[in-house]
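Hello,

Here is the structure I promised to pass on. Please open it beside this email and follow along.

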Amino acid sequence: MPGDDASATAAGGSAPAGTAAPGRSRAVDNLPIELTTFVGRHSELAETRRLLRTARLVTLTGIGGVGKTRLALRAAEKVRGSFPDGVWLVELGELSDASLLVNVVAGTLGVLAPADKPLEDALVDKLADADCLLVLDNCEQIVDAVAALCDRVLRRCRRVHILCTSREALRAAGEVLLRVPPLAVPGATHDITPAGLVESDAVALFVERGSAAAGGFVLTDGVAGDVADICRRLDGLPLAIELAAARLRTLSPSQILERLVDRFALLTHSGRGVPTRQQTLRLCMDWSHDLCSPAEQRVWSRVAFFAGSMDMEAAAAICGTDGLLDIVTSLIEKSILMREDSDAAPARFRMLETLREYGQGKAREQGDADEVVERLTLWYSDLAGTAHDEWIGPRQLEWIARLERELPNFRDVLDRGALQDPQRGLRTAVALFPFWNARGLFSEGRYWLDRMLAQDDGKVSVELATGIFADCVLTASQGDLEAVLALVARARATGTASADPLVHGIVALTDGVAALFSAEIDRARAQLEVAVAALGGPGAEEILHLSALTMLAFAYELGSDSERAGRCFEQALDITAARGESVFRSYLLWGTGVSLWRSGRGEDAAVRLREGLRVADDVGHPLVAAVCLEALAWIAAGDGDSSRAAALLGAADALSHRTDSVPTFLPALLVHHREAEQGIREAVGKRTFARAYRTGAELAASGDMRSLLEPAPPPLVAASPTPALTTPAGPRASPLTRRELEVAALIGRGLTNRAIARELVISQRTVSGHVERILAKLNLSSRVQVAAWVVRHQSVS
């Protein structure tokens, strides 16, 4: 069964965002792999491609279920070669809050704002020189916001094209509309034989999906007339046809037609003035609903309130557990639910948008909607609370992955909480703060915390103080010091109104963090000492105590009290080691490495920083990885390894661009960045610095930075029996990096990308990126030419 707007077929689940963002050469796009055949739409596909050549904003419009999404994806696939910086699918079907549009688009493209600009500005700047196509799918829920964003992007970014799907026009400047009609159905005078029906796209789709649903189904003379009538009755709507074809598991074509005749007559005479196609789609929904048992109908109407996907545990919390597994299995077979195409454990399921809207309507008709929403809200509030309680522990990485998958549902719950129950919304937002911080989602975290705190009822509590602290950390990480000062003032007012020592400890922590980010080291140290004392006792959250201890360690270090800094760092590291925690540990390893380096112990510092980089990679936090690489660059510069230091700076900057912060986000450490960069430039010159810096950025983008982590790497020797490939000096020097030389050597041995990935213990996608860069740098077009180049290169080495 297709997506809410799948065309003749469903494309399957969308692939994760690509590893390279627009603006980089040979970008990796994120178009999903087609899991079913694309049927028909030849003229619409040709017209869409033509419009994309002549217009910069094309919108495919039509009713739900007519096939806008699948047509857009197929057209994007066909034109991807015309866009060097990639084709990027942004799915908006789960988004109901227009204020998060920029976050979703930027997140898909891997763009997050640096500290000194709004996220929308950073997105536009990133796209300014990009030659790419954005596919914005299911825009109808937030059409005005999409129109405004498209207008700004198209006015600022000359080579960006946008393809939208929406049930209504955007009404934006320069928009060209293409209405997507139903599939062609057999005419009244059509030759009703298998051979005569081959020209009908609707029949072709029914047969294709019918054979997939019931393996023995073929279009014969005996069923051809019924199939033609079914497609006519359904007006050629792909969604309706696929629903009908799925019933071939249990019904014959004549039985399907009989059911459609009854329902069709009822709706046609409803007198409601609704266009026939919309009545037909509703007919299909009603009909599918009638085919479900009462228990299946109840589960359908309840899981329809999940904004994103759900697992069985969440479904059980909303629907109950009696027979749920069998019911979910049946709903999947009936194409009401889909299992996500991913390796996530446990398995996750989602419902198409059209079916979600229908199910929610049924719940409202039955008076169950409020109860379902309350259950859902309570479930996700409790889930966030459990994640928060277990955050400092061995399951932290599992929680990060789970909360990532649940983000659409949390957004929906938080949006309702902000309107209906701000106190519960604040509890949920505070519980999610460690996740937002660990993932570098500073803008989104601030957005929700700001909304909840704006509806404060005046009651002072530990929860309120913690929310102000969390908002302060996220805000300070973006360098918005004006907003930080406002939050500190509010925290102090909260402390004045409370006699609770925990509230006072949290206020001191907030004040200390603000001072640290403002480079007011003495005030930071004094406040954080108070916070550590107040939050280290019974009743305090371990997250707050560890935060205070970590920040105090930085304050001591920046205040040149290395001895006390070292004790704080080690005490905090002991806590993380004992609890199996990773996020704080990555920060602490970076801080310890910086402290050791400032004390003249460069080798010991490098060990800690490499470990911090490894832990940051496990967590998936590009900010910590960036600051570790930055510090390693300082060490390399001091050791005279200037080219590698420049590459490390390039890698650090490339990773920092994925976050809302900057590599050296503590202002007191910026002096080391400036000194290192100036020294490197003086040592190697402008051109060498630029070349090494670019190499580091490319390695960071590919996810393969091992060659940067060891000083003075020896000449490359490829795995035996591959002959050694070295880079000769002089004008014939190789333009390839060390890793690219290694990949080229393995290509010379005749290895495939899969085999190279196994040999080098890297991902196949990373290998593909290396191969593309090798071909581009050597101006070659085939692997055979690379192999020949390897032979010539060996002869001069």
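**The whole protein**

Of the 797 residues in the protein, 56% count as buried. Please keep in mind that this is a predicted model. The protein has 35 helices and eight strands. Contacts between residues 24 or more positions apart make up 72% of those with a separation of 6 or more.

Start with helix 14, residues 353–365. Its 13 residues reach 18 Å from the first C-alpha to the last, close to the 18 Å expected at 1.5 Å a residue. Several of its residues are buried, including Glu353, Leu355, Arg356, Tyr358 and Lys362. Glycine 367 follows helix 14, and its phi is positive, near 75°.

Is helix 19 mostly covered or mostly open? It is mostly covered, with 10 of its 12 residues buried. Among the buried ones are Phe442, Glu444, Arg446, Trp448 and Met452. What covers them? The cover includes helix 3 (101–109), helix 17 (407–420), helix 18 (422–439), helix 20 (462–477), helix 21 (481–496) and helix 28 (622–638).

**Helix 15 against helix 17**

Now look at helix 15, residues 369–389. Its axis and that of helix 17 come within 10 Å and cross at roughly 110°. An angle of 65 to 115 degrees counts as roughly perpendicular, so helix 15 is roughly perpendicular to helix 17. The crossing of the two is left-handed.

Which residues meet there? From helix 15 come Val373, Leu376, Thr377, Tyr380, Ser381, Leu383 and Ala384. From helix 17 come Asn409, Phe410, Val413 and Arg416. By class, the residues of this contact are seven nonpolar, three polar and one charged.

Pick out threonine 377, which sits in helix 15. Buried means under 20% relative accessible area. Threonine 377 is at 8%, so it counts as buried. Leaving out residues up to four places away in sequence, threonine 377 touches Val413, Arg416 and Arg424.

**Helix 26 against helix 28**

Helix 26 packs on helix 28 at an angle of about 15°, with the axes 10 Å apart. Angles under 35 degrees count as roughly parallel, and therefore helix 26 and helix 28 are roughly parallel to each other. Helix 26 passes helix 28 in a left-handed crossing.

On the helix 26 side, the contact uses Ser586, Tyr587, Trp590, Val594 and Trp597. On the helix 28 side, it uses Leu623, Val624, Val627, Cys628, Ala631, Trp634 and Ile635. What classes are these residues? There are 11 nonpolar, one polar and no charged residues.

Serine 595 also lies in helix 26, which covers residues 583–598. Serine 595 has 6% relative accessibility, so it is buried. Beyond the residues up to four places away in sequence, it touches Glu557 and Phe569.

**A buried cysteine**

Find cysteine 231 in helix 7, residues 221–233. Its relative accessible area is 0%, so cysteine 231 is buried. Setting aside neighbours within four places in sequence, cysteine 231 is in contact with Val185, Pro186, Ala202, Val203, Phe206 and Gly236. Aspartate 201 is 30 residues from cysteine 231 in sequence, and their C-alpha atoms are 9.6 Å apart.

Most residues other than glycine have a negative phi. Here are two with a positive one.

Asparagine 138 has a phi near 65°. It is found in the loop between strand 3 (133–137) and helix 5 (143–156). Serine 560 has a positive phi near 65° too. Its loop runs between helix 24 (542–558) and helix 25 (562–579).

Which of them is buried, and which is exposed? Asparagine 138 is buried, with a relative accessible area of 9%. Serine 560 is exposed, at 61%.

Best wishes

Key
Residues are numbered from 1 along each chain as its sequence is written. This is a predicted model: local features need pLDDT of at least 70, side-chain atom pairs count only at pLDDT 80 or more; totals for chains, interfaces and linings use all residues. Side-chain values use heavy atoms; hydrogens and water are left out. Buried means under 20% relative accessible area, exposed over 50%, partly exposed in between (1.4 Å probe, protein chains only). Helices (H or I, at least four residues) and strands (E, at least two) are DSSP runs, numbered from the N terminus. Contact means heavy atoms within 4.5 Å. Axes are lines fitted to C-alpha atoms, for helices over the stretch in contact, and angles run from 0 to 180 degrees between N-to-C directions. Angles under 35 degrees count as roughly parallel, over 145 as roughly antiparallel, 65 to 115 as roughly perpendicular and the rest as oblique. A crossing is left-handed if the near helix is turned anticlockwise from the far one by less than a right angle, and right-handed if clockwise. Ala, Val, Leu, Ile, Met, Phe, Trp, Tyr, Cys and Pro count as nonpolar, Asp, Glu, Lys and Arg as charged, and the others, Gly among them, as polar. The expected span of a helix is 1.5 Å times one less than its number of residues.
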